[in-house]
Amino acid sequence: MKISLNWLQDYISLSESPEKIASTLTSLGLEVENIEYQSAKYEKIITGKVLSVSDHPNATKLKVCQVEIGKKENKLNIVCGDLNVSAGQKVVVALEGSIIPHNQHDPNGKPFKLVKTNLRGITSEGMLCSEYELDISENKESICILPTDAKVGIKFSSYLNYNDVIFDVALTPNRGDCLSHFGIARELGAKLNKIISLPKNSLKEILSNKKHNLSIELVSKNTSLYLGRIISGVKVSKSPSWLKKRLASIGVRSINNIVDSTNYVMFEIGQPLHAFDFNKIKGKKIIVKDSVKNEKFKTLDGKNHKLNESTIMICDSSQAIGIAGIMGGENSEISNETTTIFLEAAIFSSESIRRSSKFLGINSDASTRFERGLDSSKTKWAIDKAAELISQIAGGKVEEKLFQAGSISTSPNKITLSLNKLFSYLGYKLKVTLIIKYFQALEIKVIKSNSKNIVCQVPKHRNDIIQDVDLIEEIARLHGYENIPSSAKVHYQFNKPQSKQEIISDEIKIYLASIGLNEICTNSFIKKTTGEKLDKNIVKLANPISADLEILKPSLLPTMLGTIHFNQNQGSTNLALFEIGTIYKKSNTYKSGKNISEYTERQQLLITLIGKSEIKKWFQRERNYDLFDVKGIIESLCYKFLFDKCNFISFDKTELTLNNLNINFNSESIGKLGLVHKKYLLDFGIEEEVFYAEIDLEGFVKVAKQCKKQFKPINRFPGIRRDIALITPKSLLYSDLTEIIEKNKDEKLEHHEIFDLYSSKEIGNNLKSIAISLYYQSSERTLTDEEVDKSVHKIIQKFEINKNIIVRRKLD
Amino acid sequence: MSVSIQILKVEIEELKKKAAHQIKEIVFDNVETFRIKFLSRKGEIAILFEKLKEISVSEKPEAGKLLNELRNQITATFEKKLETLNQAKTESDNFVDVSLPGRTQKLGSLHPISQTMMEIEKIFYGMGFNSVVGPEIEDDFHNFTALNFPKNHPARDMQDTFFINEDILLRTHTTSVQIRAMELDKPPMRIIMPGRVYRNEAISSRSYCLFHQVDGVYIDKKVSMADLKGTLVSFAKQFYGSSIKYKIRPSYFPFTEPSLEMDITCFLCKGNGCKICKHSGWLEILGAGMIHPNVYKSVGINKNEWNGFAFGMGIERITLLRMGIDDIRMLYENDVRMLQQLA
């Protein structure tokens, strides 16, 4: 909300600097986001006088002017597009380097910086501005002509007497009482210890006894007070310049003298007002009632609306003429022909106005104020002030009768504040006299006070003060948050242990990053069709931002693939990525979806590898990622966090993946890995192979909780290694061989491992050579070659029995 | 036929000179040529020894001595040379071009959001806070009503909400986890609640449809605003550096009263004013306050027995500012070049 410093001076005398005022407001919780100095607005824009005008030699739609700016000898050559420009006119000249508030050629009228330009062969040393360019009116057609007595060569801001300072205040929604200049002045007064005053109404002296009749009927329960006044004989026209200027200073466009008056009073005191054309009110009756569902209504901006039920409507005897607190109707709008107006000031329920404003999608200055709650003690003041102002600037007589329906609620809020609680909250003590002084500054009446309690009565305008803690904030605010001591005497008790999942999740991230993977963080939302291919139980948003972001992802894969594609487009083709994120599904118990237990959220880890694992370097050859890279990462991860081997069990290819392996640990499935199906990759524009591993983090953590780091004594006796080489069909699995070893080994075999694998013509088509090393070791003694040979022989015999396996040679 | 010792002496001197000259010329490849020429059985020294036969008996001992000296001297010089050559050869064989680039490891990285998150968590763990997580798909009660956001209250406008249906939404803040924690556990409690939250806002360089937050709660007996301030200042100094200046000012959140926001001196311009801090010299880093009595009421905690504070901060904003990224969308694009830069 914009607040004018000049305007504030009507209610409080401020000699402080704008910066001081801004920091005072911020320290009160009314954060000033920006200070605008009006004098800076028309930098390098000055008044001038046209000395002579000649035709442009190369353009019929341009004129060339000699313009005086200040001293006689200081003349500028300016090319002008307004053909009516003539010698002797006083004009507004923008000099090179000035910022023109509006660009006439820009559809949004954005500001631009003026540079010296050559217009069809003639250099223009400046620009004659239109009122639109100067942000004064909508007139783009002609240049701005100043009165003949205008002084030449002075800053345009000085000519306009632009000396105001505008504060942009970010108001929190609890402070409806500050949505006006008077409200802001009241806060400043409290903090700076100054007297504030609201100008007296002198309406009584001008009241006329002419009588138009009207009756008001209050049907809606959502309206507590409805006041009306009739002003007859008005002439609707432009507002006087002081009023235009005030409204313009806070960014409000001038409409006409009637509407401007009601707006002025609203920005002054915070009470929205509405003026109806009295002659358009049928039956001379105002009925305030709630709408029925699907009722239609055309607002004064020409838009048609379909209403929901219980929107408060202002109606005459035959139809609705305004949506209460939000916008008037076209059918009762003030026009240039209006001579008699009916002025309304009312208290509508905040909740109801907010509901309607949300439903209709209309957010007006009035609805904002109603939503935040009004000060009903100022409603009469506001209508009288507006009536007085209208009669002053639009002529007309304010009729004597104040129409009223409903009443001001009179149950002031009394709160007892315990000093003990106050001090315990604040963490410091204050003298009771000071507390009372603060309350008085805030117009909070102290009814009773003793050494333990203070009983207060909250003023009408502070509907945000409800409980004792609200009073505590008022004290803290006025005393200054900067005066709160920083004690940190936090009485730290010992803690419960951190949750295992949180710890492991972070540790996995750190581990994967340390072995060269890049962590990514992706959106939770994906396209519906993408998600449906992954899971049937997708969770859909009722109000997505766009169709591409319509559902919550049931897997991390889609956004991962999106990231891969993005990076490939950026030229990064070798990628090792991972993400730990949430996946969302409807649960098995899903019924109506009205309870969060009908949804599941699980933490997942997804790893993908694409492109080259090693690129050609002076010390290494190039190599592409393959399944065993991703499998190896999972094996390492299990060693690192579960302290043992995991098992892999292959399963058939699916629509989405192939070369699939289930990852098991202690016969619990914790995830899967494989190759993403080409068909699915094409949806994302990826042509390269993508290897993936997916771990269910909760499953992983569950297993991890059962695993313990346990020291096994280091074997000090030397071991013996024996290598065997086998030739087998290519289709024979390595696991088939290790199974034979496992079945026929004795306790001396410490471990075994494949160390070579190749196929060649010499070996034969469809065959491969596998070399396995066997490590023998005893924890009790040094083994002899003979006993090891015996053990190896036993295994070799078993291989030899198998007709698929040829034992090629025994290596020592 | 006798050779006079005088002649032999001359020949010895000549050979000495010749050998001395040639030994200088020896390189590794012609070592053998020298040896054959001078030191082999048919070499030039051996030829001079042949002449010993023709020396008179009386002069023989002297001549023999001279010849032996010659042979020893040349052999010694040769061996010394050989040693030098061998050493040079070893050195050249073992030469390492230390200017070659090293075998670097692949540069893995934690996402900038994780980095910030972990750093914040670490600080609060150190202050005795525990980490608690809760669901992102939430109900109205936990996200709004229990946090003292009345239905149809403008405070709800501060947070544009994504809905699944009328009753279920995506949490707009991790403060919802505060309610879940207070339902499950009884005070005293000191927890932080990190997580992902959602706001239905158009995606732009300044805002995204989701972001991450860390909320915190401390409930005990007699917790004051001074304790809150102490905790926040301690955090800010650990996270942003002990030299930062801060200010706290009143603000409004439905679930706290009194409420405050904390600003610190802009760490980009050191408080002198720049584009990032809108020329104010200050950056807003978090919101906080004393937990509102209505919040205790909604979870059945006795507000007269317990009180405490709550705070919350956005992770993305902090991350962007600290790392100098000017577009929030870059955090979700995951350009690996950026990720590796910020590893």
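1. Basis. In this predicted model, local features need pLDDT of at least 70 and side-chain atom pairs count only at pLDDT 80 or more, while totals for chains, interfaces and linings use all residues; side-chain values use heavy atoms, with hydrogens and water left out. Residues are numbered from 1 along each chain as its sequence is written, and chains are lettered from A and ligands numbered from 1 in the order in which they are written.

2. Chain A overall. Chain A has 20 helices and 45 strands (DSSP runs numbered from the N terminus, helices being H or I of at least four residues and strands E of at least two). Its radius of gyration is 41 Å, well over the 28 Å that the globule rule gives for 812 residues, so chain A is more spread out than a compact globule (the radius is taken over C-alpha atoms, and the rule is 2.2 Å times the number of residues to the power 0.38). The C-alpha trace of chain A spans about 130 × 85 × 55 Å along its principal axes.

3. Chain B overall. Chain B contains 12 helices and nine strands. With a radius of gyration of 44 Å, well over the 20 Å from the globule rule for 343 residues, chain B is more spread out than a compact globule. Along the principal axes, the C-alpha atoms of chain B fill a box of roughly 140 × 40 × 40 Å.

4. Helices 11 and 12 of chain A. Helix 11 (residues 432–441) and helix 12 (residues 468–479) of chain A pack at about 95°, with their axes 10 Å apart (axes are lines fitted to C-alpha atoms, for helices over the stretch in contact, and angles run from 0 to 180 degrees between N-to-C directions). That makes helix 11 of chain A roughly perpendicular to helix 12 of chain A (under 35 degrees counts as roughly parallel, over 145 as roughly antiparallel, 65 to 115 as roughly perpendicular and the rest as oblique). The contact has eight nonpolar, one polar and no charged residues (Ala, Val, Leu, Ile, Met, Phe, Trp, Tyr, Cys and Pro count as nonpolar, Asp, Glu, Lys and Arg as charged, and the others, Gly among them, as polar).

5. Helices 2 and 4 of chain A. The axes of helix 2 (residues 18–27) and helix 4 (residues 181–192) of chain A come within 10 Å and cross at roughly 90°, which makes helix 2 of chain A roughly perpendicular to helix 4 of chain A. Ile21(A), Thr24(A), Leu25(A) and Ser27(A) of helix 2 meet Ile184(A), Leu188(A), Lys191(A) and Leu192(A) of helix 4. This contact comprises five nonpolar, two polar and one charged residues.

6. Helices 5 and 10 of chain B. Helix 5 (residues 112–126) and helix 10 (residues 315–323) of chain B have axes that come within 9 Å and cross at roughly 105°; the two helices of chain B are therefore roughly perpendicular to each other. Contact residues include Ile113(B), Met117(B) and Glu119(B) of helix 5 of chain B, and Ile318(B), Arg322(B) and Met323(B) of helix 10 of chain B. By class, this contact has seven nonpolar, three polar and three charged residues.

7. Second largest pocket. This pocket holds about 2000 Å³ of space (on a 1 Å grid over the protein atoms alone, a pocket is an open set of points with protein on both sides within 12 Å along at least five of seven lines, a cavity is a set where a 1.4 Å probe fits but cannot get out, and lining residues have an atom within 4 Å of a point; grid points are joined across faces, edges and corners, and a volume is the space filled by probe spheres set on the points). Of its 40 lining residues, Lys631(A), Glu635(A), Lys645(A), Tyr734(A) and Thr738(A) lie nearest the centre. Strand 43 of chain A gives the largest share of the lining, nine residues. The lining has 18 nonpolar, 11 polar and 11 charged residues.

8. Cavities. There are three cavities of 30 Å³ or more, and about 140 Å³ of space lies in the largest cavity. Its lining of 15 residues has Gly176(A), Asp177(A), Ile269(A), Gly270(A) and Asp375(A) closest to the centre.

9. Backbone geometry. Most residues other than glycine have a negative phi, and most peptide bonds are trans. A cis peptide bond joins Pro187(B) and Pro188(B), with omega about 0°; another cis bond joins Glu257(B) and Pro258(B), with omega about -10°. Lys284(A), in the loop between strand 17 (273–277) and strand 18 (285–290) of chain A, has a positive phi near 50°.

Conventions
Contact = heavy atoms within 4.5 Å.
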